[in-house]
Amino acid sequence: MLIAPSILAADFSRLGDEIRKVEDAGADWIHCDIMDGHFVDNISFGPAIVGFVRKQTKLPVDVHLMIEHADHYLPRFVDAGANSITVHVEPEAKHDVGKTLQQIRDSKCRVGLTLNPETDFKLVEPFLDKIDMLLVMTVHPGFGGQKFRADQMEKVKRAKSLFEKTCPERSRRVDIEVDGGINSETARVSIQNGANVLVAGTSIFKEKDYAQAIRDLRGN
Ligand code: DX5
Ligand code: ZN
């Protein structure tokens with residue numbers, strides 16, 4: 001089980017310290033939320049900050065693109081040092097999903113695909129054999145600190161069984177990530193349903209003791 005702190009909840013006035021602190025506290029990846037104010041109703045940060053994150057840590061940098069035209073911008077995140085790049089499947093993301101996934105594959109980054117709570121699982125099914133990670137959003141994207149949507153666990157279960165059924169060999173390598181409202185309680189629910197990567201912002205960066213917060217998410 002992997003823990004990916006979302007730096008959206010970090011104190012940006014001392015971002016370098018925050019990243020080193022979560023790395024020392026036992027994080028596995030660093031999750032970067034890229035928002036363009038169009039695909040989602042919020043604006044966060046871009047490739048320059050991802051490049052800064054890259055320099056602060058040895059951990060894999062997990063880039064979540066909540067933007068329109070990800071195909072146009074993703075080379076800049078590859079150059080910034082991303083290890084995995086996740087794009088949205090919704091038509092509102094305005095890109096050719098199949099082509100963009102191949103573009104990420106060709107860049108040697110791990111290939112991630114994600115769907116919003118309102119999006120039918122059917123939309124991702126044609127691409128499941130082309131990805132290294134499925135991100136099931138457990139909140140509508142755009143903001144941290146929202147309430148976890150337990151109804152999305154159906155999608156986690158479905159993904160787990162499809163990965164196991166369609167290519168058992170692959171299922172050992174494919175990650176199921178959840179993002180939004182993850183805390184020690186909803187982490188348990190997510191893992192029980194088949195998730196193995198937990199993104200968490202508020203439940204880590206709003207705590208005094210990051211190591212304890214991460215242990216709580218792991219259930220230790
Ligand atoms: C929301 C982002 C999440 C968010 C998680 O659109 O994709 O990564 O920052 O924050 P919490 O854990 O506070 O819900
Ligand atoms: Zn995210």
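## A buried histidine

His31 counts as buried, because its relative accessibility is 0% and buried means under 20% relative accessible area, with exposed set at over 50% and partly exposed in between (1.4 Å probe, protein chains only). This histidine belongs to strand β2. Helices (H or I, at least four residues) and strands (E, at least two) are DSSP runs, numbered from the N terminus. The side chain of His31 makes a polar contact of 2.9 Å with that of Asp33. A polar contact here is a pair of N or O atoms within 3.5 Å; within protein, one must be able to donate a hydrogen and the other to accept it, and residues adjacent in sequence count only if both atoms are side-chain atoms.

## How to read the values

This is a predicted model, in which local features need pLDDT of at least 70 and side-chain atom pairs count only at pLDDT 80 or more, while totals for chains, interfaces and linings use all residues. Residues are numbered from 1 along each chain as its sequence is written, chains are lettered from A and ligands numbered from 1 in the order in which they are written, and side-chain values use heavy atoms, with hydrogens and water left out.

Let us turn to the ligand. There are 20 residues around ligand 1, and Asp33, Gly142, Asp179, Gly201 and Thr202 come nearest; a residue is near a molecule if one of its heavy atoms lies within 4 Å of it. By class, this shell holds eight nonpolar, ten polar and two charged residues. Ala, Val, Leu, Ile, Met, Phe, Trp, Tyr, Cys and Pro count as nonpolar, Asp, Glu, Lys and Arg as charged, and the others, Gly among them, as polar. Strands β2 (30-35), β3 (61-66) and β8 (197-200) each give at least two residues to the shell, and the largest share, three residues, is from β2.

Oxygen atoms of ligand 1 lie close to several protein atoms. For Asp179, a polar side-chain atom is 2.7 Å from a ligand oxygen. For Gly142, a backbone N or O atom is 2.8 Å from one, and for Ser6 a side-chain N or O atom is 3.0 Å from one. Taken alone, ligand 1 exposes 380 Å², and the protein buries 98% of that; these areas come from the Shrake-Rupley method with a 1.4 Å probe.

## Which pocket holds the ligand?

Ligand 1 sits in the largest pocket. On a 1 Å grid over the protein atoms alone, a pocket is an open set of points with protein on both sides within 12 Å along at least five of seven lines. Sitting in it means that more than half of the molecule's atoms lie within 2 Å of its grid points.

## Residues elsewhere in the fold

Arg215 is part of helix α9 (residues 210-218) and is partly exposed, at 36% relative accessible area. Its C-alpha is 8.8 Å from that of Ser184, 31 residues away in sequence. Leu123, in the loop between β5 (110-115) and β6 (133-137), is also partly exposed, at 35%.

Two lysines have positive phi values. Lys94, in the loop between β4 (84-88) and α4 (97-106), has phi near 50° and is partly exposed at 45%. Lys108, in the loop between α4 and β5, has phi of about 75° and is exposed at 73%.

How values were computed. On a 1 Å grid over the protein atoms alone, a cavity is a set of points where a 1.4 Å probe fits but cannot get out, and a pocket is an open set with protein on both sides within 12 Å along at least five of seven lines; lining residues have an atom within 4 Å of a point.
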